[in-house]
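Dear colleague,

I am handing over the structure below, together with some notes on what turned up when I went through it. Please read them alongside the coordinates.

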Amino acid sequence: SPFTTKASSSSSSSTPIVEPEGMKISSVPTKPIEGQKTGTSGLRKKVKVFMQENYLSNWIQALFNSLPPEDYKNGVLVLGGDGRYFNRAAAQIIIKIAAGNGVGKILVGREGIMSTPAVSAVIRKRKANGGFIMSASHNPGGPEYDWGIKFNYSSGQPAPESITDKIYGNTLSISEIKMAEIPDVDVSRLGVTKYGNFSVEVIDPVSDYLELMESVFDFQLIRSLLSRSDFRFVFDAMHAVTGAYAKPIFVDKLGASPDSISNGVALEDFGHGHPDPNLTYAKDLVNTMYSENGPDFGAASDGDGDRNMILGKKFFVTPSDSVAIIAANAQEAIPYFRNGPVGLARSMPTSGALDRVAELLGLTFFEVPTGWKFFGNLMDDGKLSICGEESFGTGSDHIREKDGIWAVLAWLSIIAYRNKDKKPGEKLVSVSDVVKEHWATYGRNFFSRYDYEECESEGATKMIEYLRDLASKSKEGAKYGDYVLQFADDFAYTDPVDGSVASKQGVRFVFTDGSRIIFRLSGTGSAGATIRIYIEQFEPDVSKHDMDAQVALKPLIDLALSVSKLKDFTAMEEPTVIT
Ligand code: G6P
Ligand code: ZN
């Protein structure tokens, strides 16, 4: 079967190397496989690629070859996943290689299920050495689609580039896989199974995470909102991992009605869906929220539960606004922040809405490259409380991953807080009221992202090179249509904690009125290249805040397309996704 590696199918070519009591470990010969470099968030490939002999095993072994032994020998590692196709088989391979390399214990979510934020929470709570997440996040799942693997470190954060680079290096020289010859572990029942010095504990994927959420938020307050008859809440789990979390949290704990959860069962192919909570892929939810007499609050999360989308009645909250609004309201609405957040951060392409909150509240502020891993050091160093990305990621230092359900609970807290004294029949403060009030106070940062997916790599790369060159030659004061250039560059970031440098993180053209055009290649695709164009314009004038973002940004979008010569480089006529 393609699911088993050599060690478990035949041991003829393998030599036993150690034999702790009750467990035989084999040395399985292997050869390097090309292309195992991790992207923005772990290693992502088509399922078929991962199912090639030793493909996954090589990467897992290369990981152990890259970690200092004290980081895993006799240690505890967490294993979770988003429920996608191939996770079950992959879990067995990972468990066997972990055992073969001397890991003491694996904590695995029942049925291999555990959301990315929950893995981060479990690593932290149980003081594990790290954890694996079997997920390709929001990429589609099933035999024809994507699979992925991420490794998170002991404070629950994605492994830093220094480690992922080492793993890649080791995939190029690997010659042996250490595999424990143990039977497949039954991950469907809670409890501990021992194999000599190694053990596997199957844990409930929800309870540690739920306990954490109860310590962060005022569940009583949220319950008071969700149980109102004049407030209707809907959550779309997109047949992905938050299906396992939505009912226990929103329904059982917080009193939402059971029918408020849609697509609440995690499926291996996400019900043929593309589990990405945005205006394109969460169409059903968007249609519900924009229908006549639709619900008051709608939210969705992605494949592995770390992304979120927040909607009000006929209203979409951009992720860039969302993090700014959460930050501005955190102290009063969320007990975890009762002493106020210490610092705020966003990724470079995310709009400047958060910057204005930081300024007004007098908080330290950081701009990091795209990728949640860049927030971790700042959090570990006590510099950062709340952060977010335009890519539908929002979170805080309660864990070291972005957190979809946390974002939904944060928004519910804000709305609940604003309405806590409202009598039945009194008009409630809505999601859109909160956002518009925010704009009135801070100004509005119009923002949109254009994605051109599955472009031919060569053209896409050439376009970025062209823009990088153009940026380096551009002069302050140069005219771009009606805009005057303040500066243009290719974003580079020096981590203030460990001094590590990340360069070539996106070409940006910043204009004197604060408008920005940014070009990047996605680091999360699994085929071809995805070009992202981020467009932003600040508008202080309240009378213009109701404009549609696409209308307000039209001149800048046109400028972005002409400056980049995108159509010439890629032959793409239209973006595949607009958010
Ligand atoms: C993942 C990462 C995020 C990142 C996003 C977009 O979700 O965890 O931190 O913002 O991918 O990455 P991309 O490289 O595709 O723009
Ligand atoms: Zn995700």
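In helix H13, the buried residues are Lys 373, Phe 374, Phe 375, Gly 376, Asn 377, Leu 378 and Met 379. Please bear in mind that this is a predicted model. The helix, which spans residues 373–380, is mostly covered, since seven of its eight residues are buried. The cover over these buried residues includes strand S16 (343–347), strand S17 (364–368), strand S18 (386–389) and strand S23 (493–494). Just after H13, Gly 382 adopts a positive phi of about 75°.

Helix H10 (residues 283–290) has Leu 285, Val 286 and Met 289 as its buried residues. Viewed down the axis of H10, these buried residues fall within an arc of 100°, and they therefore line one face of the helix. Among the elements that cover them are strand S11 (233–236), strand S13 (297–301) and strand S14 (308–312).

Turning to the overall arrangement, the protein is divided into domain 1 (6–204), domain 2 (209–442) and domain 3 (444–578). The C-alpha centres of domain 1 and domain 2 lie 31 Å apart, and 27 residues of domain 1 are in contact with 31 residues of domain 2. On the side of domain 1 that touches domain 2, the largest share, six residues, is supplied by helix H5 (residues 116–125). The residues of that side divide into 10 nonpolar, 14 polar and three charged.

For comparison with the record, an unreviewed UniProt entry lists residues 36–175, 208–311 and 320–441 under "domain: Alpha-D-phosphohexomutase alpha/beta/alpha". In the model, the span 208–311 is 35% helix and 14% strand, with its end C-alpha atoms 28 Å apart. The span 320–441 is 47% helix and 15% strand, and its end C-alpha atoms lie 16 Å apart.

If residues up to four places away in sequence are not counted, Ile 94 touches Ile 60, Leu 79 and Phe 132.

Glu 111 has a positive phi of about 60° although it is not a glycine, and its place is in the loop between strand S5 (105–109) and H5. Met 238 is buried, because 32 other C-beta atoms lie within 10 Å.

With best regards

Conventions. Residues are numbered from 1 along each chain as its sequence is written. Chains are lettered from A and ligands numbered from 1 in the order in which they are written. This is a predicted model: local features need pLDDT of at least 70, side-chain atom pairs count only at pLDDT 80 or more; totals for chains, interfaces and linings use all residues. A residue is buried if 20 or more other C-beta atoms lie within 10 Å of its own, exposed if 12 or fewer, and partly exposed in between; C-beta atoms are placed from the backbone. Helices (H or I, at least four residues) and strands (E, at least two) are DSSP runs, numbered from the N terminus. The arc is that of the directions from the helix axis to the C-beta atoms. Two residues are in contact if their C-beta atoms, placed from the backbone, lie within 7 Å. Domain bounds come from an automatic or database domain assignment. Ala, Val, Leu, Ile, Met, Phe, Trp, Tyr, Cys and Pro count as nonpolar, Asp, Glu, Lys and Arg as charged, and the others, Gly among them, as polar. UniProt positions are given in the numbering used here, feature names are shortened, and annotations may be inferred rather than shown by experiment.
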